[in-house]
Amino acid sequence: MIDRAKDYFILADQYLETSKLLLKTMIESGNLNCGFGSSEIEARSNMIKNSNKSDSTLFIPALFNCYQGIELFIKGVLLLNNSEIKQEHEMANMIETLKNIYGETNEIYKELNGFYKRQTEIITKFKKINNITTTKELYESLRYPENKGKHYNYFVLKYNDNDGIITFNYIIDTINKIRNIVIEEFNKYR
């Protein structure tokens, strides 16, 4: 199981590194969504250039990569503990299995569970506006603009300027903390 878990961890890390790269790009660009210039053509050109490196373009893919990476970390940890995993995206069952394995006070359980419980304000608003109640539907909303006739409204995930930068830094810190905890756990089994 350790080799199988390692494969999950490697792929998880790739998704999370991609997410961090996108988040850092938005931070470094100042998360600007508009631009000013001396002419309308220059202003339009600046707006397009700024938007290409802002949450209006990059945040949804960054979020998807982040959630996919954390899910793969969870599945890898379950494999380390000889738990069978399902090819699904509903985290509640996997988090409950982690709780049964580690207990509520264990750091790995607390951090992975906390990732899903402590949503940022922006993501919480997105879920509320779109009436998203499960992790599975959240994943679907980040992959498809509609699901079963339901169209998703992405506006709250875009145009967040400085609030977005705060969110991006928080997500990067969370990714790093979870990654370190998972690597520490993996090293116990090597």
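A: Helix 3 is mostly covered: 24 of its 26 residues are buried. Buried means under 20% relative accessible area, exposed means over 50%, and partly exposed lies in between, with a 1.4 Å probe and protein chains only. Helices are DSSP runs of H or I with at least four residues, strands are runs of E with at least two, and both are numbered from the N terminus.

A word on the source. This is a predicted model, where local features need pLDDT of at least 70, side-chain atom pairs count only at pLDDT 80 or more, and totals for chains, interfaces and linings use all residues. Residues are numbered from 1 along each chain as its sequence is written, and side-chain values use heavy atoms, with hydrogens and water left out.

Now the length of the helix. From its first C-alpha to its last, helix 3 reaches 36 Å. That is close to the 38 Å expected for 26 residues at 1.5 Å a residue. The expected span is 1.5 Å times one less than the number of residues. Just after helix 3 comes N82, with a positive phi of about 60°.

S83 sits in the loop between helix 3 and helix 4. Its relative accessible area is 14%, so S83 is buried. Leaving out residues up to four places away in sequence, S83 touches L78, T97 and I101. Contact here means heavy atoms within 4.5 Å.

Next, the partners. Two packed helices are described by the angle between their axes and the distance between the axes. Axes are lines fitted to C-alpha atoms, for helices over the stretch in contact, and angles run from 0 to 180 degrees between N-to-C directions.

Take helix 3 (residues 55-80) and helix 5 (residues 107-117). Their axes come within 11 Å and cross at roughly 150°. The two helices are therefore roughly antiparallel to each other. The cut-offs are these: under 35 degrees is roughly parallel, over 145 roughly antiparallel, 65 to 115 roughly perpendicular, and the rest oblique. Helix 3 passes helix 5 in a left-handed crossing. Left-handed means that the near helix is turned anticlockwise from the far one by less than a right angle, and right-handed means clockwise.

Which residues of helix 3 and helix 5 meet? On helix 3 they are C66, Y67, I70, E71, I74 and V77. On helix 5 they are I108, L112, F115 and Y116. The contact of helix 3 with helix 5 divides into nine nonpolar residues, no polar and one charged. Nonpolar covers Ala, Val, Leu, Ile, Met, Phe, Trp, Tyr, Cys and Pro; charged covers Asp, Glu, Lys and Arg; the others, Gly among them, are polar.

Helix 5 also packs against helix 4 (residues 91-102). These axes come within 9 Å and cross at roughly 160°. That makes helix 4 roughly antiparallel to helix 5. The crossing of helix 4 and helix 5 is left-handed. Helix 4 brings M91, I95, L98, K99 and Y102, while helix 5 brings I108, Y109, L112, N113 and Y116. By class, this contact of helix 4 with helix 5 has eight nonpolar, one polar and one charged residues.

Helix 8 meets helix 5 too. Their axes come within 10 Å and cross at roughly 145°. The crossing of helix 5 and helix 8 is left-handed. E107, I108, E111, L112 and F115 of helix 5 face T174, K177, I178, I181, V182 and E185 of helix 8. The residues of this contact of helix 5 with helix 8 divide into six nonpolar, one polar and four charged.

R179 lies in helix 8 (residues 161-189). At 25% relative accessibility, R179 counts as partly exposed. Beyond its neighbours within four places in sequence, R179 is in contact with D13 and F73. R179 and I70 are 109 residues apart in sequence, and their C-alpha atoms are 8.7 Å apart in space.

Last, the setting. The protein chain has eight helices and two strands. Of its 190 residues, 47% count as buried.
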